[in-house]
Amino acid sequence: MVQYRGANFADVEALHELLNGYAAAGLMLSRSRNSIYENLRDYIVAVDADKVVGVGALHMVWDKLAEVRSLAVVNEHKKQNIGREIVSRLETGGRQLGVETFFALTYQPGFFGKCGYRQVPNDSLPQKVWKECVYCPKYPYCDEAAMIKHV
Ligand SMILES: CC(C)(COP(=O)(O)OP(=O)(O)OC[C@H]1O[C@@H](n2cnc3c(N)ncnc32)[C@H](O)[C@@H]1OP(=O)(O)O)[C@@H](O)C(=O)NCCC(=O)NCCS
């Protein structure tokens, strides 16, 4: 049975492999070990029989504004509602801190649409959102969709 919990140090290698495997396929941005360690408290994992089968992170960006990022489910566990459950749990955690607006920059707008997000023009997001974009290999030619949800 799939269970959900906050990530810990023992998960870092599994997260690094999962996220960068999809990044290599061009589906998401890569994450260095350094970035995963520094933001470890952002991450929750879905675990099945002690194996990480899904991950997602919520990163605080600005006043009542947070980004859902690094969302990935292993191939064999896709389409089992794990991705949606991770997003829901990230949002619950964010709401407890007072987050009122969640957003994602993604190549999967259809999935986020199913989670209640709507697409907005990228330049409608606050400038602060783009702080880390300079580290992206695609910068300044972003081709991700901006998806937003107000709660
Ligand atoms: C995107 C991803 C996280 C979805 O996870 P998942 O666990 O398979 O999704 P769920 O089973 O929770 O799906 C929830 C709903 O979204 C739909 N959905 C899932 N992936 C979708 C996609 N890529 N496009 C459109 N709809 C999608 C499902 O069919 C389901 O719809 P339903 O309610 O009508 O049944 C997963 O496919 C993945 O890891 N992809 C590779 C990495 C990636 O692209 N990450 C996103 C980067 S931000």
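Is Ser 70 buried or exposed? Ser 70 counts as buried because its relative accessibility is 7% (buried means under 20% relative accessible area, exposed over 50%, and partly exposed in between, with a 1.4 Å probe and protein chains only). Before going further: this is a predicted model, where local features need pLDDT of at least 70, side-chain atom pairs count only at pLDDT 80 or more, and totals for chains, interfaces and linings use all residues. Residues are numbered from 1 along each chain as its sequence is written, and side-chain values use heavy atoms, with hydrogens and water left out.

**Where the ligand sits**

- The ligand sits in the largest pocket. A pocket here is an open set of points on a 1 Å grid over the protein atoms alone, where a 1.4 Å probe fits, with protein on both sides within 12 Å along at least five of seven lines; a molecule sits in one if more than half of its atoms lie within 2 Å of its grid points.
- Strand S4 (65-73), helix H3 (82-97) and helix H4 (109-114) are the elements that give two or more residues to the shell around the ligand. Helices (H or I, at least four residues) and strands (E, at least two) are DSSP runs, numbered from the N terminus.
- H4 supplies the largest share of that shell, with 4 residues.
- There are 18 residues around the ligand, and Val 73, Lys 79, Gly 83, Gln 108 and Lys 114 come nearest (near means a heavy atom within 4 Å).
- Sorted by class, the shell has 8 nonpolar, 6 polar and 4 charged residues. Ala, Val, Leu, Ile, Met, Phe, Trp, Tyr, Cys and Pro count as nonpolar, Asp, Glu, Lys and Arg as charged, and the others, Gly among them, as polar.

**Ligand oxygens and what they face**

- A polar side-chain atom of Lys 114 is 2.7 Å from a ligand oxygen.
- On the backbone side, a polar atom of Asn 81 lies 2.8 Å from an oxygen of the ligand, and one of Gln 80 lies 3.3 Å from a ligand oxygen.
- Taken alone, the ligand exposes 910 Å², and the protein buries 79% of that (areas come from the Shrake-Rupley method with a 1.4 Å probe).

**The loop between S4 and H3**

- Lys 79 lies in this loop and has a positive phi, near 60°, in a residue other than glycine. Lys 79 is exposed because its relative accessible area is 86%.
- His 77 has its place in the loop between S4 and H3 too, but it counts as buried, at 14% relative accessibility.
- The side chains of His 77 and Asp 48 are joined by a polar contact of 3.2 Å; that term means a pair of N or O atoms within 3.5 Å, where within protein one must be able to donate a hydrogen and the other to accept it, and residues adjacent in sequence count only if both atoms are side-chain atoms.

- Most residues other than glycine have a negative phi, and most peptide bonds are trans.
- Ser 70, found in strand S4, has a positive phi of about 50° although it is not a glycine.
- A cis peptide bond joins Tyr 139 and Pro 140, with omega about 5°. Pro 140 is in the loop between strand S6 (118-120) and strand S7 (145-150).

**Pairs apart in sequence**

- Met 147, in strand S7, counts as buried at 3% relative accessibility. Its C-alpha is 7.5 Å from that of Thr 106, 41 residues apart along the chain.

Key: On a 1 Å grid over the protein atoms alone, a cavity is a set of points where a 1.4 Å probe fits but cannot get out, and a pocket is an open set with protein on both sides within 12 Å along at least five of seven lines; lining residues have an atom within 4 Å of a point.
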